[in-house]
Amino acid sequence: MTPPPAVLDIRNLSCRIAEREVLHDIKLTIEAGETVVLLGRSGCGKTTLLKCVNGLIPASRGEIVFQGRPVAEWDPFRMRRAIGYVIQDFGLFPHWTVAANAGLVPKLDGWAADALEKRVNLVLDAVGLPPHEFGARYPRGLSGGQKQRVGIARALAADPPLLLFDEPFGALDPITRFELQRHFLELRAHFHKAALFVTHDVREALMLASRIVLIKNGTVDLVATPGEFLSGATEESRAFLASLDGGRKNE
Amino acid sequence: MSPFLAREMLTLSFQHLWLVVIAITVAAAVAIPGGVLLTRRPGLRRSLLGFASVIETVPSLALFGFLLPLPLLGGIGPHTAITALCLYALLPIVRNTVVGITGVDPAVREAAVAMGMTPQQVLWQVELPLALPAVLAGLRIATVTTIGTATIAAAIGAGGLGVFIFEGIASVNTAMILAGAIPAAAMALVADEGLEWIERKFSRV
């Protein structure tokens, strides 16, 4: 018996933007229930990788296989609806209620009204926003943390096998960020999704990752579990670890 | 006020309103889709908005004059006036449509695309509703200025309240001038208030 295909399989992916090779020969697979954190400095290509997965930027070499099927062969709109996406600046529709925002993707997929409502209530509850209290409100009246909870509910709503997170907690204050990070772990245990998570925060990577993929200048520098990452096998990983203890080790 | 003058005032007011409504409707039908198109073509945007600004600077009486000798669009009568009024109304509507759509939060647009909305869905469900208050403001500005400019339409035989004003000027009759100017001003005020009320209703998100 062959094992089921990985949710996401990135095979020797290279990507050029305006003649510059932003990603070079990336190999990566993600299984259900696993959180792969792409860690790297700003501009290292980690966000570009998410955009390649989502079909927003084409691969120049290699391929990305989502659910056993190359990204290039998917209808891009259907594929994006099958992948949850959470961005740093929330991107909620200001003219839609919280419930409508959360239900966006199932609605695009043409779910029946009652199934849609049930699902929206379920995901809003799951992210800690009781639907009877928050469903009819507009994003304008929410705190940053609440907005991102809606963002996560929206990403989960259509029950996608894969979720992409682009520095989702980067715009939040440290306390709210920590709350949402803990909540993220609960949600992962509950929904058992594959997640590809971009961050430049090594603390966040160590807390949330099943595996950390360290990206440096568009290439994979190191793949490690959080435990292995702490041993600092490469120069770049040591640079990140040094930022963690504020350089006290050198004093 | 003689019953004759009152009836005449009513007729001219309706004529005036009709010129404005037709001109604004045609201008909106061109300018709103045009504005949307310009947001997709940044290169085209600068040249066309520049062209519209140039038209806006042509004195209105002169523009009516320029249109007179043109075939189809020109000549004596209301259609020439409507063409000119349309040209003036285009710029505020196009500009506000462009501003409204380009003003949509990039994160909102990014999320809409990443969530799997098609370009059509992004336009109709996200960009246009969010641009609506700006578009309505453009319509309001265009309508108010068109009500004023339409008084000049009488100069080329298109009727409207300008008939009183031109007659009043010719016969040095202040009452006659006011009989044209006051209803025109009232019409502009009512249009301004009414459209602003609609605008506020739609901006309350």
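Trainee: How many salt bridges turn up across the interface of chain A and chain B?
Mentor: Zero by the rule, which wants a side-chain nitrogen of Lys or Arg within 4 Å of a carboxyl oxygen of Asp or Glu. Keep in mind that this is a predicted model, where local features need pLDDT of at least 70, side-chain atom pairs count only at pLDDT 80 or more, and totals for chains, interfaces and linings use all residues. Residues are numbered from 1 along each chain as its sequence is written, chains are lettered from A and ligands numbered from 1 in the order written, and side-chain values use heavy atoms, without hydrogens and water.

Trainee: OK, what area is buried between chain A and chain B?
Mentor: About 1,800 Å², with 71% from carbon and sulfur atoms; that is the accessible area (1.4 Å probe) lost when the two are put together, summed over both. On the chain A side, Phe77(A), His95(A) and Leu108(A) supply 29% of what that chain buries against chain B, more than any other three residues.

Trainee: And how many residues does each chain bring to the contact?
Mentor: Chain A puts in 21 and chain B 18, counting heavy atoms within 4.5 Å.

Trainee: How much of chain B is buried?
Mentor: 44% of its 205 residues, buried being under 20% relative accessible area (1.4 Å probe, protein chains only).

Trainee: What does the C-alpha trace of chain B span?
Mentor: About 65 × 40 × 20 Å along its principal axes.

Note on methods: Buried < 20%, exposed > 50% of the residue type's maximum accessible area, 1.4 Å probe, protein only.
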